[in-house]
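Visitor: Please take a close look at one part of this model, the ligand sites. How is each ligand held?

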Amino acid sequence: MHDDADCIFCKILRGEIPCITLWEDEATLAFMDINPANDGHALVIPREHAKDVHAVSEVAISATVLTAKRVAAAIDAALKPDGINLLQCNGPAAAQSVFHYHMHVLPRYEGDDLKMNWGMRPGDMEAIGKFAERIRAELG
Ligand code: 5GP
Ligand code: ZN
């Protein structure tokens, strides 16, 4: 379970580091992000230590998504943001900084200017199709 000695989120799960808890159940914990990108920024983690989407078990990722949905509904009701991003990062190039699988529940406010927007650039349909072929080959 939450047994990685050096993992900061495992330390939170073991109670060695405090956190502001929102919700906990047998499989997950939801708590406030200590560096909020916006007011109400929360995180959801599985109790099981796994570094990313590739390592996390199907049971743990399912539980995490269900808790994220529950927390998103509560944020929506409590804070009435203009929108909510459910965001999850894998690898440093994707901005992952804590290597215990987690999902951000990030309230968004009109004009908050958070930079997650890569804009809309029309793609080359032939190139898109070729990438799809390569991905489908791995999906089986
Ligand atoms: P990542 O960049 O890996 O997607 O997100 C990690 C998140 O964990 C960051 O938003 C960061 O602020 C948050 N975080 C890192 N250390 C702690 C901590 O000790 N307590 C809490 N509550 N959040 C943390
Ligand atoms: Zn961990």
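Guide: What follows starts with the metal and then turns to the other ligand.

This is a predicted model, in which local features need pLDDT of at least 70 and side-chain atom pairs count only at pLDDT 80 or more, while totals for chains, interfaces and linings use all residues. Residues are numbered from 1 along each chain as its sequence is written, chains are lettered from A and ligands numbered from 1 in the order in which they are written, and side-chain values use heavy atoms, with hydrogens and water left out.

Ligand 2 is a zinc ion, and its protein donors are the SG atoms of Cys7 and Cys10 and the ND1 atoms of His49 and His100, at 2.1 to 2.3 Å. Donors here are N, O and S atoms within 2.8 Å of the metal (3.2 Å for Na, K and Ca); water is not among the atoms, so sites may look incomplete. The arrangement is tetrahedral because the 4 donor atoms subtend angles of 105 to 116 degrees around the zinc ion; the criterion for four donors is that all angles lie between 85 and 135 degrees. Along the sequence, the donor residues follow the spacing C-x2-C-x38-H-x50-H.

Cysteine 7 counts as buried because its relative accessibility is 7%. Histidine 100 is also buried, at a relative accessible area of 0%. Buried means under 20% relative accessible area (1.4 Å probe, protein chains only).

Ligand 1 has 16 residues around it, of which Asp33, Asn35, Ala95, Ser97 and His104 come nearest; a residue is counted if one of its heavy atoms lies within 4 Å. Aspartate 33 places a polar side-chain atom 2.4 Å from an oxygen atom of ligand 1. Histidine 102 has a polar side-chain atom 3.0 Å from an oxygen atom of the ligand. From methionine 32, a backbone N or O atom lies 2.9 Å from a nitrogen atom of ligand 1. A polar contact with the ligand is a pair of N or O atoms within 3.5 Å. The protein buries 86% of the 520 Å² that ligand 1 exposes when taken alone, with areas from the Shrake-Rupley method and a 1.4 Å probe.

Notes: Four donors count as tetrahedral if all angles lie between 85 and 135 degrees; four count as square planar and six as octahedral if opposite donors are over 155 degrees apart and all others between 65 and 115; anything else is irregular. Buried means under 20% relative accessible area, exposed over 50%, partly exposed in between (1.4 Å probe, protein chains only). A polar contact is a pair of N or O atoms within 3.5 Å; within protein, one must be able to donate a hydrogen and the other to accept it, and residues adjacent in sequence count only if both atoms are side-chain atoms.
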